[in-house]
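Colleague: I am new to reading protein models. Can you take me through one, feature by feature?

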Amino acid sequence: DGFFPDVKASEFRQTMRQDKTVTAERMRESLINSIASVNRQLAPWKALQVEAGMATLAAVDPSEIGGKPVKVHYYLMAVYSLAKAELIERYRDFDATNSGREKADEMDETEDYYRRDARWAVADIQGKQRTVVELI
């Protein structure tokens, strides 16, 4: 929609070290799902930014790391992490052999880490704390 940065499949594949066993179509579908999810989570926050006159995510905070606005880094991390978690989650149907199931079992924890990273990146974009602890 112009507010959030474009997501490039080739950058996702390289950044997240995604090998070629995942087809381009499957990777694209995971990226689309992840973009939709992150955009939905950020919709209320985005509306406030647009109302304040910010045309793009990069304009919200112009501070940069590595030549790219920090909030753009966070956005891409959120999208990439969710996409990677989804691909890991679907790994079981790629290789149903015993070795494939064992590898998928080993990756369960990794999948949770990617989902956590996505939640943290969304919180970082919004300037929220990553963890909320409440005594019961």
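Modeller: Start with the surface. Accessible area here comes from the Shrake-Rupley method with a 1.4 Å probe. By that method the protein chain exposes about 8,600 Å². Carbon and sulfur atoms supply 52% of it. Keep in mind that this is a predicted model.

Colleague: What share of the 136 residues in the protein chain is buried?

Modeller: A residue is buried when its relative accessible area is under 20%. Buried residues make up 35% of the chain.

Colleague: Which elements does the chain have, and in what order do they run from the N terminus?

Modeller: The order is α-α-α-β-β-α-α. That comes to five helices and two strands.

Colleague: Where does helix α2 bend?

Modeller: A bend is the angle between axes fitted on either side of a residue. Helix α2 covers residues 24–51 and bends by about 60° at A43. A proline, P44, follows within four residues. The buried residues of α2 include L31, V38, L42 and W45. After α2 comes G53, with a positive phi near 95°.

Colleague: Now a single residue. Is Y75 buried or exposed?

Modeller: Apply the cut-off: buried means under 20%. Y75 has 1% relative accessibility, so Y75 counts as buried. Its place is in helix α4, residues 70–89.

Colleague: Which residues does Y75 touch, leaving out those up to four places away in sequence?

Modeller: Contact means heavy atoms within 4.5 Å. Y75 touches F4, P5, V7, I35, V38, N39, L42, L57 and I125. Take F4: Y75 and F4 are 71 residues apart in sequence, yet their C-alpha atoms are 7.8 Å apart.

Colleague: How many aromatic pairs does a search of the whole structure find?

Modeller: Four. One of them is F3 with F4, edge-to-face, at 5.0 Å centre to centre and 90° between the planes. F3 is buried, at 4% relative accessible area. F4 is buried too, at 7%.

Colleague: Why is the pair of F12 and Y80 called edge-to-face?

Modeller: Planes over 60 degrees apart count as edge-to-face. The planes of F12 and Y80 stand at 65°, so the pair is edge-to-face, with ring centres 5.5 Å apart. This pair links distant parts of the chain: F12 is in helix α1, Y80 in helix α4, 68 residues apart. F12 is buried at 0%, and Y80 is buried at 4%.

Colleague: Which residues do ring pairs link into a cluster?

Modeller: F3, F4, W45 and Y75.

Colleague: What lies over the face of W120?

Modeller: R116 does, at 4.6 Å from the ring centre.

Definitions and conventions
Residues are numbered from 1 along each chain as its sequence is written. This is a predicted model: local features need pLDDT of at least 70, side-chain atom pairs count only at pLDDT 80 or more; totals for chains, interfaces and linings use all residues. Side-chain values use heavy atoms; hydrogens and water are left out. The bend at a residue is the angle between axes fitted to the seven residues ending there and the seven starting there. Buried means under 20% relative accessible area, exposed over 50%, partly exposed in between (1.4 Å probe, protein chains only). Rings of Phe, Tyr and Trp (its six-membered ring) pair if their centres lie within 6.5 Å; planes under 30 degrees apart count as stacked, over 60 as edge-to-face and the rest as tilted. A charge sits over a ring if NZ of Lys or CZ of Arg is within 6 Å of the ring centre and within 35 degrees of the ring normal.
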